[in-house]
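Here are my notes for your first look at how two chains can meet. Take them one point at a time, with the structure open beside you.

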Protein chains: 4
Amino acid sequence: MIKVGIVGASGYTGVELVKLIACHPNATIGAVTSNTYKDQSLTDIFPAMRGFENLVCEALDIDALAKKTDVVFLALPHKISMEHAPRFLERGVKVIDLSADFRFSNAKAYESAYQTHSAKDILKKSVYGLSEIYRNQIKECEIVGNPGCYPTSILLPLIPLLENGLIRTKGIICDSKSGVSGAGRSLSLAAHFCEANESFTPYKVGNHRHTPEIEELLSLHAKENLHITFVPHLLPLTRGMLSTIYVQALDTVAEKDIRKTYEKYYEQEAFIRIFRKDAFPQIAYVKGTNCCDIGFHFDESSKQITIISAIDNLLKGAAGQAVQNMNILFGLDEKQGLDIIQGAL
Amino acid sequence: MIKVGIVGASGYTGVELVKLIACHPNATIGAVTSNTYKDQSLTDIFPAMRGFENLVCEALDIDALAKKTDVVFLALPHKISMEHAPRFLERGVKVIDLSADFRFSNAKAYESAYQTHSAKDILKKSVYGLSEIYRNQIKECEIVGNPGCYPTSILLPLIPLLENGLIRTKGIICDSKSGVSGAGRSLSLAAHFCEANESFTPYKVGNHRHTPEIEELLSLHAKENLHITFVPHLLPLTRGMLSTIYVQALDTVAEKDIRKTYEKYYEQEAFIRIFRKDAFPQIAYVKGTNCCDIGFHFDESSKQITIISAIDNLLKGAAGQAVQNMNILFGLDEKQGLDIIQGAL
Amino acid sequence: MIKVGIVGASGYTGVELVKLIACHPNATIGAVTSNTYKDQSLTDIFPAMRGFENLVCEALDIDALAKKTDVVFLALPHKISMEHAPRFLERGVKVIDLSADFRFSNAKAYESAYQTHSAKDILKKSVYGLSEIYRNQIKECEIVGNPGCYPTSILLPLIPLLENGLIRTKGIICDSKSGVSGAGRSLSLAAHFCEANESFTPYKVGNHRHTPEIEELLSLHAKENLHITFVPHLLPLTRGMLSTIYVQALDTVAEKDIRKTYEKYYEQEAFIRIFRKDAFPQIAYVKGTNCCDIGFHFDESSKQITIISAIDNLLKGAAGQAVQNMNILFGLDEKQGLDIIQGAL
Amino acid sequence: MIKVGIVGASGYTGVELVKLIACHPNATIGAVTSNTYKDQSLTDIFPAMRGFENLVCEALDIDALAKKTDVVFLALPHKISMEHAPRFLERGVKVIDLSADFRFSNAKAYESAYQTHSAKDILKKSVYGLSEIYRNQIKECEIVGNPGCYPTSILLPLIPLLENGLIRTKGIICDSKSGVSGAGRSLSLAAHFCEANESFTPYKVGNHRHTPEIEELLSLHAKENLHITFVPHLLPLTRGMLSTIYVQALDTVAEKDIRKTYEKYYEQEAFIRIFRKDAFPQIAYVKGTNCCDIGFHFDESSKQITIISAIDNLLKGAAGQAVQNMNILFGLDEKQGLDIIQGAL
């Protein structure tokens with residue numbers, strides 16, 4: 001059994017990790033930490049989490065935690081992750097970091113969007129945890145930078161098309177919509193019920209921090225520097241994310257090329273579902289699962305491709321993919337603990 | 001492995017049954033039927049149900065179905081259940097009926113609320129499927145009348161108090177609130193998004209069909225005929241039910257008597273959680289689980305007890321309790337396939 | 001034109017007052033204050049409030065404000081209202097206070113639920129602003145204690161029955177449900193979108209501060225001290241409140257007595273609508289209006305009456321009734337500025 | 001007073017018209033019709049519409065209606081409008097049609113998206129009712145084809161840029177999101193509460209009928225045939241629409257050119273609000289108003305412009321703009337009856 005530490009267990013992502021590991025056949029929770037809710041059980045913090053009366057949050061003590069765990073999930077704000085991660089690695093504990101701190105291979109890109117990076121040597125060793133794409137590297141690594149939710153919903157549909165040279169690298173537009181849980185459990189006016197309910201809001205238009213993360217990865221797979229237009233919006237619902245992505249196919253590309261590419265690229269993937277022609281993902285179809293659904297429309301005359309992708313922002317967009325990465329890291333079947341069957345409602 | 005048939009698999013309750021049985025370690029789906037969606041897979045009908053592309057709905061053929069199954073769940077409208085149930089029993093197939101047709105022991109009470117009962121001999125043999133209360137009878141029976149959702153949320157908190165003679169039998173008031181999924185997947189103006197959203201609506205005040213069901217059971221356990229006031233309301237949310245129940249304690253009864261009674265009565269129960277003083281159930285805490293949460297407030301001076309109970313109307317209020325009953329019927333651990341961990345969201 | 005000051009204009013109640021006064025044919029906004037949003041316009045604070053770019057919030061300066069206004073609405077937390085109200089009255093400015101500070105005639109009752117009352121002489125002069133009931137006293141007064149939202153939804157249906165001696169004074173049960181805007185614009189976990197959405201929550205069971213307010217008023221009209229059971233719940237919607245009230249008719253009382261009493265009592269009332277038999281209020285019917293809808297069910301055999309009342313918590317439950325009181329105070333037609341036609345959605 | 005007939009008053013758009021005309025200082029309701037709800041009052045159909053107990057729906061009788069009205073609003077399904085409109089015109093009654101039947105100048109475009117047009121001569125005379133753009137033509141006409149909601153939200157921000165030659169005509173992308181009321185009051189699975197709630201759904205990707213309507217108008221103003229990519233999505237909320245529009249500025253165009261153009265073009269417009277830099281529309285800001293809010297982001301390096309526009313789909317997207325057109329048609333101040341102040345909630 002893999003012994004797991006969950007650092008920052010009292011946020012929405014942290015508690016999803018607790019839930020997933022608690023059900024995992026090959027992993028067990030070694031310890032959970034929360035500075036805010038120190039000495040409270042998960043059931044105290046989240047009464048919905050029945051059965052966790054004895055799982056009590058500790059204050060973070062890296063030495064103590066390292067002794068009890070083979071791997072830690074850091075569900076912390078960026079900057080704080082950066083400080084703690086190296087200390088776990090030194091103690092031989094693998095790290096799956098859910099902040100932005102270890103997602104970039106280019107420290108400068110990170111620094112332009114966030115702040116000075118204080119663990120650049122670790123950053124170099126970290127692997128971007130987009131499981132389907134970096135599986136082989138994740139297998140060998142010590143630290144995973146788990147992708148952002150928006151990037152996951154955008155990279156999974158775009159990478160196969162870019163790698164196969166089917167689309168233009170200029171003019172890619174990503175219109176993304178996220179449920180409110182993406183903003184976390186910290187209070188804010190934007191996430192206040194009466195402000196979010198019955199509204200729909202674009203935010204950080206043109207300057208969301210996920211943009212450089214997306215661009216770095218897309219550029220890598222396109223083998224050229226590319227820039228995208230990315231506009232996130234806030235949906236009046238709790239869980240789920242849908243991205244509508246507009247790209248231009250090369251002149252010689254036909255609809256069947258796109259379809260074949262997707263089907264082949266993701267043929268073996270348990271968590272990716274390619275929709276048939278004229279059927280499209282929606283948030284209800286992925287909520288509660290670790291899946292990414294992908295559908296597309298191809299306009300023959302303009303060669304414009306409209307791609308729809310949907311994920312659960314807390315699962316494939318955060319905790320689910322993190323567990324998938326843990327499975328890879330420890331040589332387990334990737335589906336372990338993630339083989340969730342979602343009902344219709 | 002128990003071979004299960006799900007008759008009426010395309011409604012919200014039916015599909016919950018499919019999901020639960022698909023995950024059940026000791027049961028397997030023998031066949032699913034839907035006259036409306038004949039020849040379509042569950043994934044076709046509910047794209048959220050990924051992995052069920054090969055589970056195709058058959059039209060109902062009792063002979064064929066009986067050969068493939070040990071037990072059938074009937075997720076059918078009342079009256080139709082009544083016609084089919086006897087024919088399954090004749091063929092040696094056990095029946096768990098989710099309609100109202102086999103819930104009453106008194107055919108007259110049924111007939112006054114519904115219509116002529118055409119299978120009264122079967123009705124006599126059927127056992128009311130409130131698992132925690134009728135476990136012993138369910139073990140031995142051939143047909144279970146699975147309780148309504150409102151009755152489940154009201155009977156579980158009231159039966160212990162009535163059996164122990166702690167409360168008055170007159171003046172019991174049940175103010176219940178249900179999510180819209182309780183109305184099923186059939187279209188109606190009340191369940192039209194723009195009508196239900198941002199509203200809250202009492203309905204069938206004074207004449208809901210669950211009233212006689214509740215009264216029959218409460219009377220049985222109180223050992224006297226009693227009448228209640230029951231007012232259901234529609235909440236603008238998908239899943240969940242909460243009942244606020246007002247009863248009068250006898251003069252000699254103290255708060256600790258109530259607490260002790262609950263704790264003892266439900267001590268061994270995996271699906272019932274008694275809240276500590278000053279903490280109360282809410283829908284978010286039970287959504288997605290087979291649990292019934294119960295909390296109460298005792299007013300010393302007036303001896304008024306306010307009981308709050310919460311369930312997921314589709315699980316403990318329907319499909320979950322039906323599976324719990326199947327477990328009992330087949331001598332399995334009651335928690336099998338129902339040991340769902342719900343996250344915070 | 002009545003010159004109006006709105007103190008605390010940046011909360012949900014304050015901004016409703018701004019909107020109502022801005023449309024009022026006989027009143028004009030003299031000044032608005034907000035310490036938090038000083039020097040910002042209403043449009044800055046609430047971009048939905050278009051056309052208020054020039055209405056800038058001042059910090060509270062009582063002397064300055066008194067010069068510009070005939071009446072002030074205090075949309076402040078309790079305790080703070082108590083400090084300011086006397087100073088406006090000294091300067092000849094009438095006060096309509098929306099906090100709890102001037103609602104009680106019995107200072108002890110106030111003090112047991114809130115804190116020490118520092119303006120008891122003013123409290124004695126204040127009139128409870130339940131417009132339909134205290135119209136005559138409001139006409140003559142200088143300071144109105146505007147009722148709480150829960151009390152409004154409960155008192156309006158109960159006072160006629162108590163005054164006419166139709167119901168028992170013991171065992172009155174009020175099961176109330178409120179939209180989240182009742183919690184105001186201040187951030188809290190309970191009003192965080194992901195916590196309130198898709199849930200339904202009882203709170204302050206047995207000890208909500210509106211209980212003594214309701215009891216004082218009911219006792220006054222029943223001419224005896226009475227106690228009620230009051231349980232508030234939080235609905236996952238923005239605006240609106242519905243109370244389901246359970247009372248016992250005296251043995252000699254028939255359904256038609258109740259109906260006749262309501263119809264006569266509220267015959268002349270523009271803002272009260274009595275529903276016909278078997279039809280019941282719902283939140284969607286009152287949202288956006290200053291109305292209180294009332295319907296009831298009478299159970300002949302048990303003499304139990306179930307009363308349903310619905311209001312918009314921000315209008316009849318707060319800002320709307322406050323403006324109605326201003327109209328009374330200044331001898332205007334009560335409907336002025338409140339003759340809102342609500343659409344179906 | 002203008003005497004108004006509302007044909008099809010029992011749908012969501014029809015009842016909005018009733019509400020607007022009832023409050024209009026220069027118009028009065030001559031008659032309302034509904035075949036479905038014949039002989040029922042508006043209050044019967046929509047209990048939220050208090051005060052309309054005497055406004056009873058008639059079955060449609062064109063002769064009778066023509067005698068009582070100066071203008072009729074046709075809130076009917078397309079094809080049916082086409083049959084009735086000519087008969088009103090013959091009788092000297094002006095027509096504001098809210099279906100698609102009189103929106104196109106090119107009958108072929110209409111026929112390719114809808115069906116054979118049986119009143120082509122009338123179609124030629126009809127004016128497209130985008131009030132801000134076709135004000136002068138509307139003044140003189142007899143029949144207005146009121147724009148679709150999606151087209152309104154897209155044309156208002158794009159026409160100024162196209163007329164001034166600031167953007168490329170190729171590659172325009174419109175990612176639009178609508179509340180569920182856009183689907184009307186007719187029952188459908190997509191508008192069933194449990195299906196729409198907590199989800200978000202793209203639909204008719206690449207083939208929505210509003211596409212040719214948008215393209216015809218844009219082409220006219222661009223003075224060249226252009227094609228757009230239009231993807232509508234369904235939001236889990238009742239009222240409101242937001243379009244995120246992606247266009248490419250010409251190389252010589254700077255941010256200030258865009259801003260100046262918008263400000264000048266809409267300088268005199270009461271219902272259009274241009275947002276300052278870095279501020280963006282959201283649905284809550286326009287809900288309940290006849291306004292179109294427009295904001296934009298300009299990316300200097302790529303010359304990509306992201307435009308956000310928001311309207312209330314039932315007002316500026318339907319009934320509100322229809323009343324605005326009536327005001328124009330009858331020489332009234334355009335704001336009459338539409339000067340609604342929306343509150344913060």
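1. Let us begin with a word we need: contact means heavy atoms within 4.5 Å. By that rule, 34 residues of chain D touch 34 residues of chain A.

2. A note on the source: this is a predicted model, in which local features need pLDDT of at least 70 and side-chain atom pairs count only at pLDDT 80 or more, while totals for chains, interfaces and linings use all residues. Residues are numbered from 1 along each chain as its sequence is written, chains are lettered from A and ligands numbered from 1 in the order in which they are written, and side-chain values use heavy atoms, with hydrogens and water left out.

3. Buried area is the accessible area (1.4 Å probe) that two parts lose on being put together, summed over both. For chain D and chain A this comes to about 2900 Å², with carbon and sulfur atoms giving 63%. On the chain D side, D:Glu198, D:Phe200 and D:Val205 lose the most area to chain A, together 21% of what that side buries.

4. How are the two copies related? Chain D can be laid on chain A with an RMSD of 0.0 Å by a turn of 180 degrees and a shift of 0.0 Å along the axis (superposed by least squares on the C-alpha atoms of residues with pLDDT of at least 70 in both). The copies are therefore related as by a two-fold rotation axis. In chain D, the C-alpha nearest this axis belongs to D:Pro236, at 3.4 Å. The same surface serves both copies, since 100% of the contact residues of chain D recur in chain A.

5. Now look for the salt bridges (a side-chain nitrogen of Lys or Arg within 4 Å of a carboxyl oxygen of Asp or Glu). The rule finds 2 across this interface. One of the pairs that meet in this way is A:Lys177 with D:Asp175, at 3.1 Å from N to O.

6. Is D:Asp175 buried or exposed? With 0% relative accessibility, D:Asp175 counts as buried (under 20% relative accessible area, 1.4 Å probe, protein chains only). Leaving aside neighbours within four places in sequence, D:Asp175 is in contact with residues of both chains, including A:Asp175, A:Tyr246, D:Val231 and D:His233.

Notes:
Buried < 20%, exposed > 50% of the residue type's maximum accessible area, 1.4 Å probe, protein only.
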